[in-house]
Amino acid sequence: MRSPIAWWHDPWRPPRILLAVTVGYLLWSLLPVAIAVLYSFNAGRSRTSWQGFSFRWYWGDRTLSVWHNDALHTALLQTIKLGVLATALTVPLGVLFAIGIDRWRGRLPATANFLMLLSFVLPEVLLAVALLFVITTVALPIELGTTAQVIGLITFQVSYPAVLVRARLATIGPQYEEAAMDLGASPLGALRRVTLPMLMPAIFASTVLVFADVIDDFVLVRYLSGSAATEPVSVKIYNTARGAPTPALNALATLLLLAALTAIVIGYLIYRYMSRSDTTTTDRGIGAFAGEV
Amino acid sequence: MAVSVVAAPPGAAHPRRDRGRGIWPLLAAPGIAWLALFFIFPTYVVLCIVFGQVDPLFRTPVPVWNPLEWDPTQFSYVLTHIVGPDGVFGPALLRTAVYVFIASCLCLLIAFPVSFYVARLSGRRKGLLLALLIAPFWISYMMRMFAWVNLLQDDGLFNKLLSLGGLFTIDVNWLVGQPMVVILGLVYGYVPYMILPLYAGLDRLPQPVLEASRDLGADRLSSFWRVTLPLCRPTIVAAVLLTCLPMLGDYFTSDMLSASPKTAMVGNLINDGVQSPGLTGQAGAFVMIVFLVALLPMLYYIRVTARGSEVSS
């Protein structure tokens with residue numbers, strides 16, 4: 001048996017304390033969610049004591065299950081709808097913005113870049129309240145509901161693709177595009193046939209990231225929802241969690257989790273395929289995919 | 001053929017490139033217009049409502065668009081009710097500062113060792129661990145809070161665990177105004193957002209420098225204290241800011257895990273004001289206060305990250 005001092009001075013000792021903290025953290029962060037998922041399969045009404053396994057809260061129950069209850073599956077559909085719409089609009093807007101800002105020198109693009117970074121770190125509730133004020137007090141042809149939610153989500157998320165694409169543009173450097181133009185390509189042609197293909201992994205990663213973020217969003221979509229018909233899953237959970245919800249709410253949350261994880265897993269596989277020959281991203285692995293710039 | 005190329009005027013390539021200059025503003029235009037319309041303009045609208053009037057009959061806010069006619073009544077009402085005998089808003093603001101401070105410290109205490117460990121790993125285990133670490137990042141915040149609501153019920157698993165299967169009687173209502181529960185809820189909710197940037201920064205630490213410090217005689221602690229920590233200070237600052245800035249506007253953690261005014265934060269003041277007629281201007285005033293408080297850290301974050309990307313690129 002070695003003395004504790006010798007153990008401390010041993011340069012080859014495994015980092016047991018760090019390992020313990022890491023494992024403890026993982027258990028603490030994932031176990032509660034796993035239990036919530038487990039109870040979505042509970043046969044009884046309780047969310048605290050186990051009464052047997054069933055799919056009752058997914059589709060078995062005639063009135064209260066996610067499948068049969070209008071309010072619950074409307075929420076799920078609204079979440080997916082917002083995710084698809086907001087992602088489809090955010091990514092092109094952010095990518096074009098990033099490319100334009102990167103090449104265009106001057107005070108205006110510098111200001112725009114600053115604003116974009118500001119929206120990246122701004123507490124979400126501030127933007128949500130400001131947009132709510134705009135829509136309720138200014139006579140714009142926008143009403144609370146899906147349109148307002150999509151607008152808010154785009155504003156909040158547009159910095160993701162912009163930041164990721166700008167970081168990628170910085171690693172690519174200007175030489176490929178200059179070579180293309182020296183060989184006779186027009187600036188737009190060089191952008192389309194050289195730069196954009198090289199940006200594809202970053203664009204794709206930001207697409208998945210934005211989608212996963214949008215379907216988890218709560219603050220913006222709640223303020224801009226207008227009526228119960230446009231409340232997505234996160235708002236539904238918030239509204240009913242402190243009442244006496246049935247495990248159908250667990251089931252709903254589980255389905256949302258499943259949607260996010262499916263998007264991430266498929267996205268990651270495609271991303272790995274796309275960047276398989278790229279030496280600058282391979283060592284980053286999944287980290288490059290979670291918004292790590 | 002070669003002669004004709006040499007004979008071409010040296011500036012011939014440039015006009016073509018100059019012609020392309022016009023497309024960059026064109027590409028950026030939609031994004032800039034969007035930010036102007038849905039980011040700058042809303043900020044102005046908040047100001048117009050905070051310094052505007054309230055409809056005497058319907059208690060709805062009436063924005064005043066002309067800055068020269070702004071009326072500071074609502075804003076000064078909020079400011080004068082923070083401290084002193086009428087200080088109804090003071091406790092919530094103080095509580096926000098304390099909660100966010102404690103929660104950020106706890107987050108760092110958890111996130112740093114975890115990301116340090118994973119950044120030092122290599123091989124297959126690293127990929128798996130990293131995926132598990134990032135997983136909470138993709139799980140909805142509401143779902144994670146809801147999971148705790150289930151566990152902390154009066155008859156929930158947490159109380160059952162504490163009572164060791166009925167040995168003791170535990171009658172703590174965890175979900176009614178317990179500050180500790182709210183703080184731990186904040187830590188639970190925001191720790192993934194800190195682990196990610198921390199890991200990214202620690203992963204890029206130059207390994208040879210750390211080895212050199214050990215070779216030159218530094219022991220474990222002083223090598224960490226004098227080499228590792230200074231090297232990753234910008235990363236730590238950025239990671240802490242990324243977690244505590246969103247915490248400043250948080251109201252749903254307190255709502256989900258306590259739902260009591262005893263743990264109300266400034267986000268709750270905003271949320272309550274927005275939803276009740278006549279208080280919209282007050283909510284706007286709190287939005288401005290949070291914005292002003294967050295402004296310096298936000299500018300600092302933008303500067304730190306801008307400098308970091310310049311160095312790396």
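Is E211(B) buried or exposed? E211(B) is exposed, because 12 other C-beta atoms lie within 10 Å.

The structure is a predicted model, in which local features need pLDDT of at least 70, side-chain atom pairs count only at pLDDT 80 or more, and totals for chains, interfaces and linings use all residues. Residues are numbered from 1 along each chain as its sequence is written, while chains are lettered from A and ligands numbered from 1 in the order in which they are written.

Chain A contains 14 helices and zero strands. Here helices (H or I, at least four residues) and strands (E, at least two) are DSSP runs, numbered from the N terminus. Along the principal axes, the C-alpha atoms of chain A fill a box of roughly 75 × 70 × 35 Å. Of its 293 residues, 49% count as buried. Among the contacts in chain A with a separation of 6 or more, 72% are between residues 24 or more positions apart. Two residues are in contact if their C-beta atoms, placed from the backbone, lie within 7 Å.

Chain A is assigned domain 1 (4-39) and domain 2 (69-289). Such bounds come from an automatic or database domain assignment. Taken over C-alpha atoms, the centres of domain 1 and domain 2 of chain A are 33 Å apart.

One helix pair in chain A can be followed in detail. Two packed helices are described by the angle between their axes and the distance between the axes. Helix 6 (residues 124-137) and helix 7 (residues 146-157) of chain A pack at about 140°, and their axes are 11 Å apart. This angle makes helix 6 of chain A oblique to helix 7 of chain A. Axes are lines fitted to C-alpha atoms, for helices over the stretch in contact, and angles run from 0 to 180 degrees between N-to-C directions. Angles under 35 degrees count as roughly parallel, over 145 as roughly antiparallel, 65 to 115 as roughly perpendicular and the rest as oblique. On the side of helix 6 of chain A, the contact involves E124(A), L127(A), A128(A), L131(A) and I135(A), which meet A148(A), G152(A), T155(A) and F156(A) in helix 7 of chain A. By class, the residues of this contact are six nonpolar, two polar and one charged. Ala, Val, Leu, Ile, Met, Phe, Trp, Tyr, Cys and Pro count as nonpolar, Asp, Glu, Lys and Arg as charged, and the others, Gly among them, as polar.

Chain B has 15 helices and two strands. Its 313 residues are 41% buried. In chain B, residues 24 or more positions apart make up 65% of the contacts with a separation of 6 or more.

Where the chains meet, 79 residues of chain B are in contact with 77 residues of chain A. Helix 3 (residues 23-50) of chain B gives the largest share of the chain B side, 18 residues. That side has 63 nonpolar, 13 polar and three charged residues.

Two places in chain B remain. E211(B) lies in helix 10 (residues 207-215) of chain B. E211(B) and S223(B) are 12 residues apart in sequence, and their C-alpha atoms are 9.1 Å apart in space. A259(B) is in the loop between helix 13 (252-257) and helix 14 (266-275) of chain B. Although not a glycine, A259(B) has a positive phi of about 50°. A259(B) counts as partly exposed because it has 17 C-beta neighbours inside 10 Å.

Note on methods. Buried ≥ 20, exposed ≤ 12 C-beta atoms within 10 Å, placed from the backbone.
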